[in-house]
Amino acid sequence: MRNDQAHAETAEVVEGRELAKGNAGQQNRVRTQSRAALSHALDRVRQAAKESGKRLTALWHHVYSIDRLREAYYSLNHDAAPGVDGQTWATYGEQLETNLRDLVDRLKRGAYHAPPVERVYIPKADGRQRPIGKPTLEDKIVQRATVEVLNAIYETEFLGFSYGARPGRSPHHALDAVTVGIEKRNINWVLDADIRGFYDAIDHEWLVKFIEHRIGDQRVVRHIRKWLKAGVLEDGHWRQQAEGTPQGGSASPLLANLYLHYVFDLWAAQWRRRHARGEVIIVRYCDDFIVGFQHKDDAEQFLSDLRERFYRFYLELHPEKTRLIEFGRWASERRQRRGQGKPETFDFLGFTHMCSTTKRGKFTVRRCTIAKRLRKKLQEVKQTLRERMHWPIEKLGAWLTRVVVGHYRYYGVPRNMGRLRVFRECILRYWCRILRRRSQRHRMTWQRMYQLATQWLPEPYIMHPYPAQRLRVTTQGKSPVR
């Protein structure tokens with residue numbers, strides 16, 4: 001009987017449950033029950049944030065809950081690259097409960113030290129390098145748990161036209177909001193703005209002030225300061241950052257979103273109410289935002305005031321990538337009368353937006369894959385095909401299926417079928433060329449390639465509904481852009 005009891009206790013530790021007192025079968029909580037308890041706890045935080053406009057002072061115990069940390073661990077990418085400590089998801093999980101209890105103890109005592117973030121660079125579409133941080137696995141766990149608690153508060157604060165890094169919102173919701181706003185409202189001018197080096201320009205002191213506006217628990221604030229001061233490790237050399245948040249961790253998108261909430265969102269909403277003569281739509285996804293105006297003088301005044309606003313908070317609009325263009329229902333007709341040609345286009349979240357008409361002659365905003373991104377993706381696939389030239393056809397075909405389907409899932413929007421077909425046809429040509437290079441006496445005919453394409457390269461298809469259709473469901477009659 002003692003052996004059975006010992007075996008039950010051992011099983012409880014391995015399965016991640018607290019040791020029961022008395023009957024283990026009746027008192028142990030399974031993970032689903034744990035999730036329900038965590039959800040109820042966040043509901044209380046969310047309700048407190050809604051009811052009182054005051055600062056919330058008792059939050060840290062929600063973060064260092066062992067159940068929340070465990071759920072944060074399981075929600076991480078199992079195959080992600082390790083940080084500076086070299087620890088992977090699998091190795092940390094070998095003694096998960098022991099590691100989590102030790103982490104809880106350090107968080108509770110304030111003895112947790114945020115390790116530096118290893119910095120790597122990935123190429124951008126314009127040829128520049130984007131810095132990405134690789135936090136340690138334990139830091140990812142703490143960040144994920146902290147973000148989950150803070151989201152319960154700030155989701156009651158963030159405005160409706162903010163879409164980036166928010167639960168239940170995606171880039172396609174922001175894209176739909178832009179399209180519907182321009183098509184349904186009286187919009188004639190569009191501000192296509194770009195913030196120069198936003199993630200590296202965030203001022204730490206202003207960010208902490210913004211956090212303290214709603215968070216009165218100094219343990220939470222102190223921990224965020226630790227993240228900001230942890231610094232980065234680049235080529236083996238540690239460097240402290242006086243400003244900016246390293247991209248790559250779970251906390252970075254929320255902190256960046258919070259910074260722009262106070263610097264841009266609240267100010268822009270107030271500007272629209274107080275100064276705009278005509279209609280104004282605003283859509284922001286992280287540091288990318290589109291603002292549409294009915295009148296040109298409103299647009300010019302907004303841009304001038306925005307530059308001054310950003311200057312106060314150490315931000316700057318990119319002079320070459322920030323444009324005010326004539327765009328909308330009457331843009332083509334007006335520009336034609338002035339002899340200026342077709343309306344200009346703007347890029348947003350991977351799509352080029354252009355003025356167009358439906359088959360019935362009704363104005364619409366057409367979205368197609370940005371040409372530069374399409375070429376860049378095709379070059380990546382072409383290079384990978386060369387590296388995997390001698391893979392078996394079945395294995396290579398399965399990989400290409402994932403590539404093509406993944407492309408359709410993001411870029412498969414209405415009226416973008418032409419660019420989807422171009423993507424598939426280029427993939428097919430690259431694949432045929434690689435297969436023929438396997439041998440000097442190739443036998444790969446186009447008839448055989450079409451058979452392979454039928455098996456492994458799905459025909460293009462539209463994944464997403466029309467913008468007005470999706471927003472009608474998700475916003476339930478509320479404006480997605482105001």
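The largest cavity holds about 120 Å³ of space. A cavity here is a set of points on a 1 Å grid over the protein atoms alone where a 1.4 Å probe fits but cannot get out, and lining residues have an atom within 4 Å of a point. Grid points are joined across faces, edges and corners, and a volume is the space filled by probe spheres set on the points.

This is a predicted model, in which local features need pLDDT of at least 70 and side-chain atom pairs count only at pLDDT 80 or more, while totals for chains, interfaces and linings use all residues. Residues are numbered from 1 along each chain as its sequence is written, and side-chain values use heavy atoms, with hydrogens and water left out.

Searching the whole structure gives two cavities of 30 Å³ or more:

| Cavity | Volume | Lining by class |
|---|---|---|
| Largest | about 120 Å³ | seven nonpolar, four polar, one charged |

Ala, Val, Leu, Ile, Met, Phe, Trp, Tyr, Cys and Pro count as nonpolar, Asp, Glu, Lys and Arg as charged, and the others, Gly among them, as polar.

Around the largest cavity you will find V117, P135, D139, Q143, W227, L228, T245, P246, G249, A251, S252 and L255. At least two lining residues come from each of α8 (137–154), α12 (218–229) and α13 (251–275), with α13 giving the most, three. Helices (H or I, at least four residues) and strands (E, at least two) are DSSP runs, numbered from the N terminus.

The second largest cavity is lined by T179, E183, V365, R367, P414, R415, Y466 and P467. Here α9 (171–184) and β11 (363–369) are the elements that give two or more residues.

Note on methods:
1 Å grid on protein atoms, 1.4 Å probe; cavity = no way out; pocket = protein on both sides within 12 Å on 5 of 7 lines; lining within 4 Å.
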